[in-house]
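Here is a friendly note to read alongside the model. Keep the viewer open and look up each residue as you reach it.

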Amino acid sequence: MDTRQFSKVILLEETSETSANTSVGDLDGDCDLDIVLAKGRHWPLHDRVLLNDGSGIFSDAKNLGDQPDRTYSAVLVDLDQDDDLDVVVSNDSPDKKLIYINDGQAVFRVAGTWGSPQWNTRNASVADLNGDMNRDGASDIVIGYATAPGSVFFNKGQGDDFQQVRFGDGKGVVYGIALGDLNKDGFLDIAVGISDAPNKVYLSGL
């Protein structure tokens, strides 16, 4: 069996900065996969949107927002249920945690915030976490922090209003979050990768 090699390199930027994460999806509706770079971590930088020309070249690049911030993840998801990808940005303290809504052409506006600017947010994940009896089709947000309990933000439908539910004991730093029905009860559970504390699974329940 032949093994694929990955020797051809395309530079997305000419500089070396404190990037934290990368997300891939079709942002402008042309069926090509575009890229959002989550940048900053502890130091303010502009998150970047890089649009694909169809051949894997990303010469059309722009800032996601007007202000630089301390971003750890920029997750792509359709929050307002209009069939294009929006962006959930998790920022370190003291920056606001932002929701960017896409107009369908990769033009983004800040639609709102979630959580507190003082939270040291790290990784984020998204899925419709409501149970089978009342699943609403709206994607919810799961967030991990540095030394604070995690949070689920239940989306009320348009990506600009959320209800928060906390989980966990806040020990350690949550760097990874994965969602799945781990015990086959029809509800999504939360698996977290934690630094400086035991890794955990949180099973969904009422």
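Where does cysteine 31 lie? Cysteine 31 is in the loop between β1 (19-25) and β2. Please keep in mind, here and below, that this is a predicted model.

1. **The overall build.** The protein chain has 15 strands and zero helices. Its C-alpha trace spans about 50 × 50 × 35 Å along the principal axes. A compact globule with 206 residues would have a radius of gyration near 17 Å, and the protein chain agrees, because its value is 17 Å.

2. Of the 206 residues in the protein chain, 46% are buried. As for contacts with a separation of 6 or more, 38% of them in the protein chain are between residues 24 or more positions apart.

3. **Charges.** The protein chain has 17 positive and 34 negative charges.

4. **The largest core.** In soluble globular proteins, nonpolar side chains tend to be buried together. Here the largest nonpolar core has 14 residues. Those with the most contacts inside this core are Leu27, Val49, Leu64, Val87, Val89, Tyr100 and Phe108. The elements that each give two or more residues to the core are β2 (34-39), β3 (48-51), β5 (71-77), β6 (86-91) and β7 (98-102). There is also a second, separate core of 13 residues, which includes Leu79, Ile101, Ala124 and Phe153.

5. **A closer look at valine 89.** Which residues does valine 89 contact, leaving aside its neighbours within four places in sequence? Among them are Leu64, Leu98, Tyr100 and Trp114. The list also includes Asp47, Thr71, Ser73 and Lys97.

6. **Serine 125.** This serine lies in strand β9 (residues 121-127). Is serine 125 buried or exposed? Serine 125 counts as buried, because its relative accessibility is 15% and the cut-off for buried is under 20%. Beyond its neighbours within four places in sequence, serine 125 is in contact with Asp140, Ile141, Val142, Ile177 and Leu179.

7. Most residues other than glycine have a negative phi, and most peptide bonds are trans. Cysteine 31 has a positive phi, near 70°, and is not a glycine. At 72% relative accessibility, cysteine 31 counts as exposed. Aspartate 83 also has a positive phi, of about 70°. Aspartate 83 is placed in the loop between β5 and β6 and counts as exposed, at 76% relative accessibility. Finally, a cis peptide bond joins serine 93 and proline 94, with omega about 10°. Proline 94 lies in the loop between β6 and β7.

8. **Glutamine 105.** Look for glutamine 105 in the loop between β7 and β8 (108-113). Why does glutamine 105 count as exposed? The reason is its relative accessibility of 53%, since exposed means over 50%. Glutamine 105 still touches Leu27 and Asp28, not counting residues up to four places away in sequence. Glutamine 105 and aspartate 84 are 21 residues apart in sequence, and their C-alpha atoms are 8.7 Å apart in space.

Definitions and conventions
Residues numbered from 1 in each chain as written. Predicted model: local features only at pLDDT ≥ 70, side-chain atom pairs only at ≥ 80, totals over all residues. Heavy atoms only, no water. Helix = DSSP H or I, 4+ residues; strand = E, 2+ residues; numbered from the N terminus. Rg over C-alpha atoms; globule rule 2.2 N^0.38 Å. Buried < 20%, exposed > 50% of the residue type's maximum accessible area, 1.4 Å probe, protein only. Contact = heavy atoms within 4.5 Å. Lys, Arg positive; Asp, Glu negative; His and termini not counted. Charge placed at Lys NZ, Arg CZ, Asp CG, Glu CD. Core = buried A, V, L, I, M, F, W, Y, C linked by side-chain atoms within 4.5 Å.
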